[in-house]
Structures are given as C-alpha cells and as structure tokens.
Amino acid sequence: MLFFLKNTKSKQLEDALTQRQKQGPAAAWAGLPEEELFTPAGFRAEEAEATASSNYSYWGSTLRSFLKNKFAVALLIALVAVVGFAFLQPHLPGQIDPNYCRVDPETGIQFRNVAPGVDGFVWGSNSIGQDLWARIWAGTRTSLIIAFFVAMIEAVVGITVGVLWGYVRQLDFFFTELYNICDNIPSTIILILISYVASPSVPTLILGMSLTGWIAMARFIRNQILIIRDRDYNVASRCIGTPTFRIVLRNLLPYLVSVIMLRMALTVPAAIGSEVFVTYIGLGLSVETPSLGNLINDGRQVMMQAGLRYQLLYPTIILSFVTIAFYLIGNAFSDAADPKNHMQ
C-alpha cells in the first residue's frame with residue numbers, strides 16, 4: 001500500500017527533523033508517530049482501470065489535412081458556388097423559361113443568334129430565340145442531377161457487391177462470373193439499346209449508365225477487401241465472435257473511405273461525359289430538356305461561324321470547370337482521408 005508524507009504541522013516537523021538529522025540519518029525519523037508522517041492514499045477501482053486515450057478523430061484529422069490544401073479549398077468553394085447557383089437560378093427574379101422563344105415586339109421575328117449582352121441576353125440566344133443564360137444553367141442542373149444519381153447508385157451497389165465479393169468466400173465464384181459477363185458488354189452499347197427501347201429521358205439515362213457502371217467500383221472494392229480481410233485485427237474480431245456486419249462497418253469500410261470518395265468524385269464527371277456523348281450521337285435527351293450535352297451539340301453545329309462560337313464556348317466552360325473541379329477535389333480529399341497522411 002502506498003503512503004505519502006502528510007505535510008501538517010510543517011514548521012514543528014521541520015524543526016524536529018533538522019535536529020534529528022544532525023544526529024544521523026537513522027535518528028531522523030525515529031520516535032515520530034506514524035500518523036504524523038504518513039496517511040493511506042486509498043484505492044479507487046475506476047482510476048486503477050483507467051488507461052490513456054488519444055483525442056484523435058478520423059474525420060477531424062481528414063478535415064484539417066484537406067484544409068491545408070489551399071487550392072483544393074478554393075476550388076471547392078467555387079464548385080459549391082456554381083452548383084448552388086445552378087439550382088438557385090430559376091428562383092431568382094427576372095429569369096426566363098429556358099424553352100421560351102423570345103420575339104421582337106416590333107418586327108414579330110424571333111431574336112435569333114443574338115450576341116451576348118444585346119437585348120437583355122446575358123449569354124446571347126440560339127437560332128430560335130431561346131435565352132442561353134437560362135438554358136445553360138438548366139442544362140447544368142439536368143447534367144448534375146443525372147451525375148449525382150448515377151454516382152450514388154454506383155456507390156451503393158458497387159460497395160455492397162464489392163464487400164460481399166471480397167469478404168464472403170462462398171460468393172466469389174458467382175460474382176466473378178457475373179463480372180466477366182457484365183464487363184464484356186460495352187457500356188456504350190447498353191446506352192444505345194436503352195435509348196432505343198425507352199424514350200430518352202433523365203431516368204432512362206440514369207438507368208442506362210448504372211446498369212454496368214457499378215462493375216468497376218465493385219471490382220476495385222473487392223481487391224481492397226482481399227488485401228485487408230485476413231489481417232490480424234480482422235482475424236481477432238472473427239475469433240471473438242464479432243458479427244460479420246460489424247466487422248465490415250468498423251474494420252473494413254473505414255479503411256476504404258479515401259478510395260471510395262475518389263471513385264465517387266470521378267463518377268460524376270464520367271456520367272456527365274457519357275450524357276454528352278449519347279447526345280452527340282443523337283440518342284440523348286430531347287431539345288425540350290436542356291442539358292450540357294444538348295447545348296454542346298447545338299454549339300458544335302455552328303462553331304465554324306465566328307460570330308456564333310459563343311454558343312459552344314459557354315456550355316463548354318461550365319462542363320470543363322465542373323469535371324476538372326470534381327477530379328481535383330476528389331484527389332485532394334482522397335489524400336486527406338488516407339490515415340497514413342494524418343499527423344497527430
């Protein structure tokens with residue numbers, strides 16, 4: 001049992017000790033009553049069981065690491081501003097319907113191919129008098145909605161299949177054969193067939209892009225799961241009877257956050273690019289549904305006329321910014337989410 005020196009009657013005790021120390025070390029403590037020198041420290045079970053703990057937070061460390069990348073932070077702010085404005089734009093005062101064809105009240109003729117900044121057209125008009133400002137932001141909303149839904153579906157299906165494929169050994173043969181079948185079907189062929197079977201629409205494009213889009217995510221997750229499945233902490237968890245669902249959520253998926261976020265960030269620009277491609281070959285959305293694919297396809301047809309190149313320039317700038325921003329931000333967040341880069 002531990003004891004500690006009781007510092008009461010300090011002056012008298014100090015004087016007594018000084019006198020006895022002059023007589024020798026052995027006599028310094030001789031004769032003093034025990035209650036004057038020591039008292040029991042006591043025992044507390046909660047303190048005995050207490051262990052040192054770190055204040056480390058994974059998401060907090062990820063955020064601090066990401067904020068150190070000033071370029072990525074500035075790009076994220078700009079991307080949020082563009083995406084937010086795209087969805088806020090139709091609710092602002094003075095906005096025009098993207099499908100409305102404006103007519104000159106004096107001549108009764110449509111405002112065809114009006115240059116930017118003339119007659120109230122911020123970004124000009126197209127060949128039938130539609131406001132490109134309204135159509136470009138409406139097209140941005142449509143393309144982003146398609147891309148976000150495709151990314152979410154691919155993430156949910158791809159992660160679920162990838163985890164089962166890599167962790168449950170009995171399902172390896174089934175998912176391997178399913179992967180071999182789906183991976184050998186070109187996604188372009190599926191998009192074309194879906195567009196022919198069903199009328200082109202936003203749900204149709206989402207379905208066509210998601211049918212096989214999850215394959216790459218599932219394959220990637222499966223390979224990562226195989227690497228970490230039999231590590232010591234996972235084997236120990238199985239030995240003590242930890243449920244498989246808890247092992248997946250607590251031991252496996254947190255390790256894959258960085259790569260999952262990177263894959264999702266790359267899916268968004270890929271989906272927008274697929275929508276532009278399908279529209280380019282004439283199987284995309286109808287002209288009544290503005291999209292970046294429609295706008296770029298329309299601008300491509302007049303790009304050889306110097307005075308009309310703005311119809312291709314503005315939607316291309318928006319498309320390029322969104323795709324590049326998602327790619328760079330996804331890479332930056334992936335690096336920040338990697339625990340190896342966290343410093344405590």
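Let's start with Arg222, which forms a salt bridge with Asp172, their closest N and O atoms being 3.0 Å apart. By salt bridge I mean a side-chain nitrogen of Lys or Arg within 4 Å of a carboxyl oxygen of Asp or Glu. Arg222 sits in helix H9 and Asp172 in helix H7 (residues 172–183), so the pair links distant parts of the chain, 50 residues apart. Helices here are DSSP runs (H or I, at least four residues), numbered from the N terminus.

A word on the source: this is a predicted model, where local features need pLDDT of at least 70, side-chain atom pairs count only at pLDDT 80 or more, and totals for chains, interfaces and linings use all residues. Residues are numbered from 1 along each chain as its sequence is written, and side-chain values use heavy atoms, leaving out hydrogens and water.

Is Arg222 buried or exposed? Arg222 is buried, because its relative accessible area is 14%, while Asp172 is partly exposed at 26%. Buried means under 20%, exposed over 50%, and partly exposed in between, with a 1.4 Å probe and protein chains only.

Now the inside. The largest nonpolar core has 44 residues, and Phe66, Trp137, Ile146, Met209 and Ile272 touch the most other members. Helix H14 gives the largest share, 10 residues. Such a core is a set of buried Ala, Val, Leu, Ile, Met, Phe, Trp, Tyr and Cys residues joined through side-chain atoms within 4.5 Å. A second, separate core of 16 residues includes Tyr167 and Leu252.

Finally, Ile324 is in helix H14 too, and at 48% relative accessibility it counts as partly exposed.

Technical notes:
Helix = DSSP H or I, 4+ residues; strand = E, 2+ residues; numbered from the N terminus.
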